[in-house]
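Here is a short briefing to read alongside the model. Take a moment to get the structure on screen, and then we can walk through a few spots together.

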Amino acid sequence: MALPGGSQALLLQSAALPLLLQHSSVHGDVQAVLQLCCTSKAMRAAVLQHCEGRLDVSLQLSSTQHAERFAQWLTACGQLAGTLRCWPAEQFAGYVSGDTAAERLLMLGASERIVTAALVKLQAEHQLQQQQQQQGGQQGGLQLSSLTWHCAGSSRAAAQLLQVLPRHKLLQLALVQEDALEQDQEQEPSSAASIPADSIAAFSKLQSLAVRAAISAEQLQHALPALTALTHLCFKASGSDRCSREQFVLLQQALPVQLIHLSLEVVLQRHVQPPPLQLSHLSQLTSLETLLIERSSQLPPQLLRLQCSKCSDVQPLLQCKQLQQLDLFCCVAGQQELRRLSRLTGLTHLGLIYAEHMYIGCANDAAAAWPMLAGCIRSLNIHGLDPGGLTAASFQQIKQLTKLTQLSIQVSDDHDGEDGAALPVTPAQCAEVLAALSALQTLELSLDPGRHLLLHPGAAQEGADAEAAAAGAAADAAQGEEEQAGEMQAAAGAAGAALPHHAAAAAAPPPAEGLQQQEGALPAAQAPAAMLGLALLQQQQQMQHQLLQQQQQLQQELLMMMQQQQAPPQLQQMVQAVLAPQILLQAQQQQQQQAAHAASPDMLPVTRVISQLPHLRSLELRGSGLSLEAVELLTQLTQLTRLTMSGCDFDEAAFNSLVLSLRGLKKLSIGGSDLVGDAGLVLVAGLLSQLTALNLCGCSRVSDRGVLQLTRLRNLKLLLAEDTAVSRQAVARVRLLLRRNAA
């Protein structure tokens, strides 16, 4: 934003300059303000004077060098910041290739100390100038009205920073101790002890306070009486900070009556019965988030929004006649309890989350009541299911929830060796249910990699036939007992005549190696397996003669798709160069998986319906049966921003088809996909310019050649690449990219 000398002089002398600099369109653009500071000393002085406390500044800590550069800016222009957010860069929450957790913790702690020292220095210099100057001048110093600070390890830096913040200006304060960063420190075992209660109580004008694991419940109780302007409070105690029953009661009594929003999560001592919530005195409260609601709990009747991790009885909820939004986590309410919620006539949003790994069978017990609340159920999440844990009848009830915007069903298959389907419905039945949910924005259907998500139609028919046969056998059992006994005696006599006198072959198991079997005389149970093995052998022999043809065909199909999607010619050449040497390996791996594909249920009906959901923005599909034809239907979901297909058995051609079409993706996960390699990553780097997170864990064919292409993605902040063929050198180069993007 360079200005000619004459124009700049006129602007500096104009009375409109303060109004211009104070306009939100100017100070809302941090880069524009910084450019103005660099034009001239006079313009920098004007910016510092008229934009004090107006910039919204966010800092993601990615390295100590980054923190040092930011500290230099704070020392020179820190008074411009009115809002400051400081937290770890996203890659340090999940990007684990390289630095250990301890090394990252040390880096984050050092970075926070660097930034804290710069803020303390800025305020100290301002105070010194005030003491030296006899006349008024520019205000200077820290002008923060909002601070979000994530503590790494110890909260000592945060405690030091609270001592220099402007107490008459600060309106919003958030102190967060991330769970991933809660480490046992030998020198500083308690982060909460580093922040005294009076350091928070000093901010009497504070309107919003959010504290996570940074102070204890007792410290918060002592600080609350001084915060007379507080309207929003979020408190989550550390897992190691367990308070007593009496302390939790005192904390509830200390809550300011003017609170509008309250989020309270306190961990009580072991084997202590939690006291009921007593919040009826909070006459202004309209939003509440809490862990437990019991029958004797007292809630404010004017509540509009409520989130509860466990509600054993809905009776206290019925007191809130104006309730509009209700989310029940770890829902244990049965049919009768849910039906009672229909009395809340103002309810427009109901979210149900079932944790089946903790409370088995709750979803099935309550499913019959879902249709009665179909007008308000917006979110349904069922997690931790065993295979078959959700009955077909319960799954069919979802069909009536036509206003559902989020559906998540996740099955955790911990039973090794069992091949049962996750959901006891066929693809056609699943598609019928999903077709009724036209309002879906988020859909998650997932199972452990390699397992069947849905029933094979043949298996479903066999189950129905087995049930019919069992019913028929039970009806005819009384009439056929004598006839069956006669047949068994005749069969025994025939067997005795056929076998040698000294052998008891009828009671003995067959030989382990089958040495007594004649060539070609296979048992009936083994005949299908032998036929399948012969068919696979013939397919392998045929594949060996067609490898060259397949190579040419795959290349032509991919290039044709790219031409149809108008991909750049240079990108087409790069893909062709990477793809050629991988065709042979891909064909061999496809042969090995053909038998598994043949037994997998065909997901084509399901993906056909999913592709027609008009509002879908986030999709997660994990399970077998995702053929190229089934996956290609998903290319119609051009509005998708998040796609997770980890562990699916689709090949690179299917993946390339998705990348060519879904160019608006911001988060992509294909972890565990053995058939996706470097050619697919070339397309990702060339087409998915908005991508911020990518999961490649377990993609064994991904190497340095593909991962290094990702350095072209300017928005990429998170990369997961464990259990791949990527070298540490390539990881280091990509890490530099992530740190640059975070800055």
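In which loop does P300 lie? P300 sits in the loop that runs between strand 10 (287-293) and strand 11 (305-311). Please keep in mind that this is a predicted model.

**The chain as a whole**
- The protein chain has 27 helices and 21 strands.
- Of its 743 residues, 45% are buried.
- Taking contacts in the protein chain between residues at least 6 apart in sequence, 72% join residues at least 24 apart.

**Around P300**
- With a relative accessible area of 0%, P300 is buried, because the cut-off for that class is under 20%.
- Leaving aside residues up to four places away in sequence, P300 touches L279, S280, L282, L285 and C320.
- Between the C-alpha atoms of P300 and L288 there are 9.4 Å, and these two residues are 12 residues apart along the chain.

**An aromatic pair**
- Two aromatic pairs turn up in a search of the whole structure.
- One of them joins Y354 and W370; the ring centres are 6.0 Å apart and the planes meet at 50°, so this pair is tilted.
- The pair links distant parts of the chain, 16 residues apart: Y354 belongs to strand 13 (residues 349-355), while W370 is in the loop between helix 14 (362-366) and strand 14 (377-385).
- Are the two partners buried or exposed? Y354 counts as buried because its relative accessibility is 0%, and W370 counts as buried at 0% relative accessibility.

**Helix 16 and its buried side**
- Helix 16 (residues 427-435) has these buried residues: P427, C430, A431, V433 and L434.
- These residues cover an arc of only 160° around the axis, so they lie on the same side of helix 16.

**Helix 24 against helix 25**
- Helix 24 (residues 652-661) packs with helix 25 (residues 678-687) at an angle of about 0°, and their axes are 9 Å apart.
- Helix 24 is therefore roughly parallel to helix 25, a class that takes in angles under 35 degrees.
- On the helix 24 side, the contact is made by E652, F655, N656, V659 and L660; helix 25 contributes D678, A679, G680, L683, V684 and L687.
- What kinds of residues make up the contact of helix 24 with helix 25? Seven are nonpolar, two are polar and two are charged.

Notes. Residues numbered from 1 in each chain as written. Predicted model: local features only at pLDDT ≥ 70, side-chain atom pairs only at ≥ 80, totals over all residues. Heavy atoms only, no water. Axes fitted to C-alpha atoms, helices over the stretch in contact; angles between N-to-C directions. Helix = DSSP H or I, 4+ residues; strand = E, 2+ residues; numbered from the N terminus. Parallel < 35°, antiparallel > 145°, perpendicular 65-115°, else oblique. Contact = heavy atoms within 4.5 Å. Nonpolar A, V, L, I, M, F, W, Y, C, P; charged D, E, K, R; others polar. Buried < 20%, exposed > 50% of the residue type's maximum accessible area, 1.4 Å probe, protein only. Arc of directions from axis to C-beta. Phe/Tyr/Trp six-rings, centres within 6.5 Å; stacked < 30°, edge-to-face > 60°.
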